[in-house]
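Please read them beside the sequence and the structure.

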Amino acid sequence: MADVVAQTLVELGVGTCFGVVGSGNFVLTNALRARGVPFVATRHEGGAASMADGYGRVADAPALVSVHQGCGLTNAMTGIAEAAKSRTPMLVLAADSAAGAVLSNFNVDQDALARSVGAVADRVHGPTSAVADVTRAYRTAVQGRRTVVLSLPLDIQAAELAAPDAVATLLTSDPVRPSADSVAALQMAIEAAERPVFVAGRGGRAAGARIAELAARAGALVATSAVANGLFRGDDFDLGISGGFSTPLTAELIRSADLIVGWGCALNMWTMRHGTLIGAQTAVVQVDDDQSALGAHRPITMGIHGDCDATAADLIDAIEQERTGYRTAEVARRLAAGRRWNEVTTTDISTADRIDPRVFSVLLDRALPSERVVAVDSGNFMGYPSAYLRVPDENGFVFTQAFQSIGLGLSSGIGAMLAQPDRLAVVAAGDGGFLMGVAELETAVRLGRPMLIAVYDDSAYGAEVHHFGPDADLGSVTFPDTDIAALARGFGAAAVTVRSRADMEDVVTWLDSPSGVLVVDAKIASDGGAWWLAEAFTGH
């Protein structure tokens, strides 16, 4: 029966499979491999889930995760939680104890476990329903943009099935079309606005070109949430990421808008800085094909239930005359000079043996090739790579912050690397997160592809250090200086320690002809607590 499951998935169309193989998923994993599905053996199931998450965010096909029953699934749960909260299309193929094996050491309630973190729980119920069960789970993952845990009990896996009585058929549906009244109402709001701003989120990524066309017609500035970073790259009126990573200029322009339209964007506390980026008289509109998302995070003036691309297309047809709106020559001039933090002058806080994280980020950005895919772990450092490292488009950025767990960045970067093989993979992590997920450094080295891992190393869990302050006992969150470069060499990677501008020369040399994995241990000076961190903690 494992062969039927594997064949069904291949016919439906899947990307790479990641996992740790045990007795419960050995046969199914090999059935996938025999049918040409690439398989990456990871060192921990948590790494497998995060790799699949990173892959699924920037690939055209959903990733698979293959895990053993019970402990294999529990090991993967943090990565699954991040993927589920991020609405990453992903299928977790989890072996499960047989229904009668009530005393098995591996017996856990896998369905309840999946649901507890926001994933969809499904299962293969029997050999005769296997094709339908797998197809249903695939459709939920891909068309519903959900992370699905598909349990495969061992007794059902072992069942004989001479030939499936069904074939894999994936029915498609038309995108949700907004009502004519909704389009007319938003048209009126746009035409009445003098300073409109469009903010696209994860749900607007596929509609980027259409939203940009509408913005030009409506005279709107464009911005994104962090997870859609790069969507409007190259647009003269692109504000970049809206929220905690905004520059003073772009925050001012968003705050001065008289109309904000969120396209597949939650407009949550991160993207709108707890509402401080919304003016007192600003109209707020949300467009989303998920009706439950409308107004979920804040009061809105208008909610439009519709696919972002379809809604933007209808509005382009409705707005007959191109408007200047917010797209003035003065705004263009100001944006050209200060849209990114790279262009903002800051005080250099470098010391004799530690480099300012902003200086390090600027130098790294200049040295990296333009064709890059950047994966960012969580932690106090995370705003530096997010704000300073440019990406070519929305498929060049992987931001694993929905669950706010550190330690996922290296693995999600490996997944993104495999999904975008023509780009240099760049992972940014703090020392705490890097060391938490360091087992997968062996996986990165084994894969043999170029990857640069930048470790923002402050010898601490910096978020807690800065949150609780110098008067607290910080012995539990600070550590002796670790020679991360030596550790990386032990895994077979090349490594450089950076304490000053001059130390970046070795990084530049490696980037002239990147090969294998380079770990850059950047010993960073204390920033006293990043501005985005202070905002983040106000939400807890």
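How many bridges join β3 to strand β4? I come to this in point 2, after a word on the basis of the notes.

1. This is a predicted model, in which local features need pLDDT of at least 70 and side-chain atom pairs count only at pLDDT 80 or more, while totals for chains, interfaces and linings use all residues. Residues are numbered from 1 along each chain as its sequence is written, and side-chain values use heavy atoms, with hydrogens and water left out.

2. Strand β3 (residues 63–67) is joined to strand β4 (residues 90–96) by five bridges, and the two run parallel; strands here are DSSP runs of E with at least two residues, helices are runs of H or I with at least four, and both are numbered from the N terminus. Two strands pair if DSSP finds at least two bridges between them. Strand β1 (residues 17–19) is also parallel to β3, with three bridges between them.

3. Is β3 enclosed or open? Five of the five residues of β3 are buried, so this strand is largely enclosed by the rest of the structure. Buried means under 20% relative accessible area, exposed means over 50%, and partly exposed lies in between (1.4 Å probe, protein chains only). A63, V65 and V67 are buried on one side of β3, and L64 and S66 on the other, so that both faces are covered.

4. Helix α3 (residues 45–58) packs with helix α5 (residues 77–85) at an angle of about 25°, their axes being 7 Å apart, which makes α3 roughly parallel to α5. Axes are lines fitted to C-alpha atoms, for helices over the stretch in contact, and angles run from 0 to 180 degrees between N-to-C directions; those under 35 degrees count as roughly parallel, over 145 as roughly antiparallel, 65 to 115 as roughly perpendicular and the rest as oblique. A49, S50, D53 and R57 in α3 meet G79, I80, E82 and A83 in α5, where contact means heavy atoms within 4.5 Å.

5. An open sheet of six strands is ordered β9-β8-β7-β10-β11-β12, with parallel pairing. Its edge strands, β9 (238–241) and β12 (302–305), each pair on one side only. Within the sheet, β10 (residues 259–263) and β11 (residues 283–288) pair in the parallel sense over five bridges, and I260 stands opposite V284 in β11. Helix α9 (residues 180–192) lies across β7 (196–200), β10, β11 and β12, and runs at about 135° to β12.

6. T311 has its place in helix α12 (residues 308–318) and, at 1% relative accessibility, counts as buried. When neighbours within four places in sequence are left aside, T311 is in contact with P178, W263, V287, I304 and G306.

7. Helix α16 (residues 409–419) is mostly covered, as eleven of its eleven residues are buried. Among the residues that M451 contacts, leaving aside neighbours within four places in sequence, are L410, G413, I414 and M417. M451 is itself one of the residues with the most contacts inside the largest nonpolar core, which has 52 residues, and F18 and I80 are also among them. Such a core is a set of buried Ala, Val, Leu, Ile, Met, Phe, Trp, Tyr and Cys residues joined through side-chain atoms within 4.5 Å.
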